[in-house]
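Hello,

Here is the structure for you to look over. My notes on rings and surface follow below.

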Amino acid sequence: MIPAPFDYHRATSVEEALKALAEDDTQALAGGHSLIPTMKLRLNQPGKLIDISQIESLRGIRLEGDHLIIGAATTHGEIATSDLVREHAPWIADAAEGIGDIAVRNRGTIGGSLAHADPAADWPAVLIAGKCFCEVAGATSESKENGGGRNKHKAEEFFTGFYETALEEGQLITAVHVPVLKANQRGVYSKFPQPASRYAIVGAAAVLTIDGGTITEASVAVTGLTGNAYRLDGVEEALRGQPAEDATVRAAAGKIGEADGVMADHYASEEYRLHLAEVYVRRALMACIGGQ
């Protein structure tokens with residue numbers, strides 16, 4: 001459980017971090033709760049780590065218009081206890097509060113979790129259902145000639161596979177943009193946690209818009225089921241235009257169907273994971289409409 005030798009440097013700005021990341025065999029280090037365990041197992045052996053945890057521009061939470069901007073180096077614990085998040089997107093704070101244990105929440109960062117893209121992580125499903133954006137700095141393959149810059153990826157397009165994201169070499173997540181909930185919206189994240197790690201064996205996130213007792217818009221995502229979190233289009237379609245009641249929720253949750261690439265391990269078989277997905281989608285939706 002000892003990592004391979006590596007060099008270490010603490011960056012003081014995003015520009016300094018990006019310059020360092022342009023070098024071969026270099027990775028960013030934020031909270032370390034995703035990266036360090038893989039290094040100890042020597043599944044990941046970077047030659048150099050760039051510590052971005054103390055870059056002030058990557059930390060903190062602010063409100064800009066109808067979005068909360070959460071710095072990538074902001075810890076799960078800071079999100080969970082933020083008055084600003086509790087006021088404008090309380091379900092995001094609730095999701096953060098359920099991540100890991102207090103040590104993980106006080107050290108792990110939202111940006112680090114997203115870049116790692118663990119298939120059982122909580123944030124991917126939450127951000128997909130919340131129609132959030134991941135802000136990324138650094139040159140893309142198309143923009144290297146003009147120095148790159150910053151761009152935003154829809155969360156539903158950011159997670160591309162098993163531990164894979166839309167990040168390119170030399171890029172860095174700088175912030176997450178979270179839409180503020182409207183008066184007629186409610187978001188919920190519900191999961192079946194692995195008892196030791198608190199990762200989701202299966203987790204479901206939902207945001208519903210309800211007008212006059214009718215579900216006018218729905219956004220639903222699942223994590224822990226396959227190699228990456230994704231939206232449940234069939235479930236969403238079954239909810240739109242329907243009354244916000246138990247029968248609607250049960251019928252919609254049954255639309256999960258046979259997903260491709262369902263994971264199986266000593267915690268849950270493919271069949272059991274599919275069953276859990278339906279159960280936790282139903283629980284998230286019932287909580288959104290005020291049920292149990």
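Does Leu41 count as buried or exposed? Leu41 counts as exposed, at 52% relative accessibility. Bear in mind that this is a predicted model.

Leu41 is found in the loop between helix H2 (35-40) and strand S3 (48-51). Together with Met1 and Leu43, Leu41 forms a nonpolar patch on the surface. The accessible area of that patch is about 400 Å².

Now the rings. A pair of aromatic rings is described by the distance of the centres and the angle of the planes. The count here comes to 3 aromatic pairs. One of them joins Phe162 and Tyr163. Their centres are 4.7 Å apart and their planes stand at 85°, an edge-to-face pair. Tyr163 is partly exposed, with a relative accessible area of 37%.

Another pair is Phe192 with Tyr280. Here the centres are 6.0 Å apart. The planes are at 45°, so this pair is tilted. It links distant parts of the chain, 88 residues apart: Phe192 belongs to strand S11 (residues 185-193) and Tyr280 to helix H12 (residues 270-288). The two partners differ in cover. Phe192 counts as partly exposed, at 27% relative accessibility. Tyr280 has 8%. Buried means under 20%, so Tyr280 counts as buried.

Tyr280 also has a charge over its ring. The charged end of Arg283 sits there, 4.8 Å from the ring centre. Elsewhere, Lys152 lies over the face of Phe133, at 5.1 Å from the ring centre.

Best wishes

Definitions and conventions
Residues are numbered from 1 along each chain as its sequence is written. This is a predicted model: local features need pLDDT of at least 70, side-chain atom pairs count only at pLDDT 80 or more; totals for chains, interfaces and linings use all residues. Side-chain values use heavy atoms; hydrogens and water are left out. Rings of Phe, Tyr and Trp (its six-membered ring) pair if their centres lie within 6.5 Å; planes under 30 degrees apart count as stacked, over 60 as edge-to-face and the rest as tilted. Buried means under 20% relative accessible area, exposed over 50%, partly exposed in between (1.4 Å probe, protein chains only). Helices (H or I, at least four residues) and strands (E, at least two) are DSSP runs, numbered from the N terminus. A charge sits over a ring if NZ of Lys or CZ of Arg is within 6 Å of the ring centre and within 35 degrees of the ring normal. Patches are made of residues with over 30% relative accessible area and no salt bridge: like charges are joined within 9 Å, nonpolar side chains (Val, Leu, Ile, Met, Phe, Trp, Tyr) within 5 Å. Accessible areas come from the Shrake-Rupley method with a 1.4 Å probe; for residues, only the protein chains shown count as cover. A salt bridge is a side-chain nitrogen of Lys or Arg within 4 Å of a carboxyl oxygen of Asp or Glu.
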